[in-house]
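Please have the sequence and the model open as you read.

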Amino acid sequence: MTLILANATLLPCTPDMPVIENGWVRVDGTTITATGSGPAPVVDGAAIIDCGGDVVMPGMVNPHCHMAMTLFRGLGEDVDDRLYRYVLPLERKFVTREMVRAGTALAALELIQAGVTTVADMYYFETEVGRVVDKAGIRGVVGQTIADFDPPDHADIDGGFALTEELVAEFSGHDRVIASIAPHAPYSTDIAVMNRVSRWADDHPGVPVQIHLAEMDSEMDWCTKHHGLRPVEVVEKAGLLRPGLICAHCLHVNASDIEKMAHARVCVAHNARSNAKAGRGIAPVEAMRAAGIPVGVATDGPMSGNTLDLFSQFGPVSMFQKLAGHSRKPMPALEVIRMATIEGAKVLGLDARIGSLEPGKQADLVRIDLSAPRLQPIYDIYATLVFAGMPADVSDVMVAGRWVMRDRDVATLERRKVLRDALQVASHFKAEMVRIDAAG
C-alpha cells in the first residue's frame, strides 16, 4: 500500500536540518520512497493524509533505558539510602520474567505515546524485553546485563553469557529487535569480564555492546583504587573501548578520555535529567560532540529519571550545556533534535536505516499536533519542540510503515491490561516496603 502524508511541517533531520513547509512524505510498505514540498504527488490507489501543518519528523531514539524499572518509578524518592534499603532487596525478591514483562509493557506504552520509536535497553531477563518490544511494534536494542553483584537472572558470569547467547539466538535476523550484550560497568565486571565481553563480541559481529561508564564519583574512586586509572582507561585496558561501544552517561571524562573515546569511535548516551536528579554533574556533551563522538538523548531508567519521553530531556540537555558555558549559545535547540533522531540512531549503529526521513529508510515517523496554546506562536520550530513540546502533542506514530498509534490510541498494546499488570506488581512492592520499614 502507498501512503502519502501531505501538508506537513516536515523536519526530515537530514544533515542541514531543514524545515520544509507544506512538505510531504511517501511511504510504500515499510519504506520511505520519496519526500518533497508543495502539492503532494498523485499516485493511483494511494491513501493521502492531510496533516494540516502538523510536524512530521523521524521517530525519536532513546539510546539508554531500563524499561522494566518503570515499576520502581517514584519509589522512596526522599530516602537517602533507597538503593540499599528498598531497590536492591526488591530486585532480588521480585525481579522475575513476569515482573520484567509487566514493567517493559508499561514502558513501551509510555515510549510510543511520547513518539519514541527506537529504544536501547539493558536489564535482566532480556528475552522478555525483546518479546514485549516486538509485540509493541517498536524497535529495540535489548541488552542482557552481565554483572558480579548477584543479579536476579544469573548466579555467575557464565550464566550471564549463557543468557546472552539465548537472547542472540531468539532475535537473530529480526527486523526490529536487536540482541545486545551489556557488561554493567567497570566496577561491577572488572577487567577480566570486560575482556571476555570484548572477545565474545569479536566472535559475534553485529551484536552491540552497552555499558555504564564514568557515571559516578564512587566509580572514579574504585577505578583509581583498584587500577590507578580513570574509568575510560580501565575499559581501554580491558580491550573493550571499541568502535560502536554504547557508553551511557560519561559524566566524568576529561580531555584525554574524550580523545581516547573519539579515537576508538565509541558512542555516548547522554542522560541529562537522571544525572542532575542524582546530583552527579553535567556531562561535557559539547566537547564530546566537537571531538566527533556521536551523542544521543537518553532517559536512563525510570527509577532514576522518572520519565521515558525525550521531551522531558530536551530542556535539561540544552540548559545544562548553557549553564556550563555561561551563555545562551551552547547546545542550540536544532542540535538537541538532531541528537534525538539521526545522531541517536548513529549511537545505536542504525543511522543507515532510521533517524531521518529519506528515501530508502524505514518509515519510522511521528506526527506532532501544534494546536496547543503553549506551542504558539512559532518562530523556531526546533526551539518550540525543545522548550515547549510534550508527549501529549504526539498524535500519531508509525514504525516500519505500520501505525502503532493513531489519534493517541496505541494499537499494539492493551492499555488497561498493561496498567493492571503493572499495578499488581507495584502492590507487592508496597507491601514489602512496609515490611522493611517495620523491621527498621
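Are Phe311 and Phe314 buried or exposed? Both are buried (under 20% relative accessible area, with exposed meaning over 50% and partly exposed in between; 1.4 Å probe, protein chains only).

A word on the ground rules: this is a predicted model, where local features need pLDDT of at least 70, side-chain atom pairs count only at pLDDT 80 or more, and totals for chains, interfaces and linings use all residues. Residues are numbered from 1 along each chain as its sequence is written, and side-chain values use heavy atoms, leaving out hydrogens and water.

Rings of Phe, Tyr and Trp (its six-membered ring) pair if their centres lie within 6.5 Å; planes under 30 degrees apart count as stacked, over 60 as edge-to-face and the rest as tilted. This rule gives four aromatic pairs, including the two below.

| Pair | Centre distance | Plane angle | Class |
|---|---|---|---|
| Phe94 and Phe429 | 5.6 Å | 45° | tilted |
| Phe311 and Phe314 | 5.6 Å | 65° | edge-to-face |

Phe94 belongs to helix α1 (residues 82–94) and Phe429 to helix α15 (residues 415–439), so their pair ties together parts 335 residues apart in sequence. Helices are DSSP runs (H or I, at least four residues), numbered from the N terminus. Phe311 and Phe314, by contrast, are three residues apart in helix α11 (residues 311–325), about one helical turn.

Now for the charges. The charged end of Arg196 sits over the ring of Phe161, 4.1 Å from its centre (the rule asks for NZ of Lys or CZ of Arg within 6 Å of the ring centre and within 35 degrees of the ring normal). Arg406 lies over the face of Trp403, 4.5 Å from the ring centre.

Methods: Helix = DSSP H or I, 4+ residues; strand = E, 2+ residues; numbered from the N terminus.
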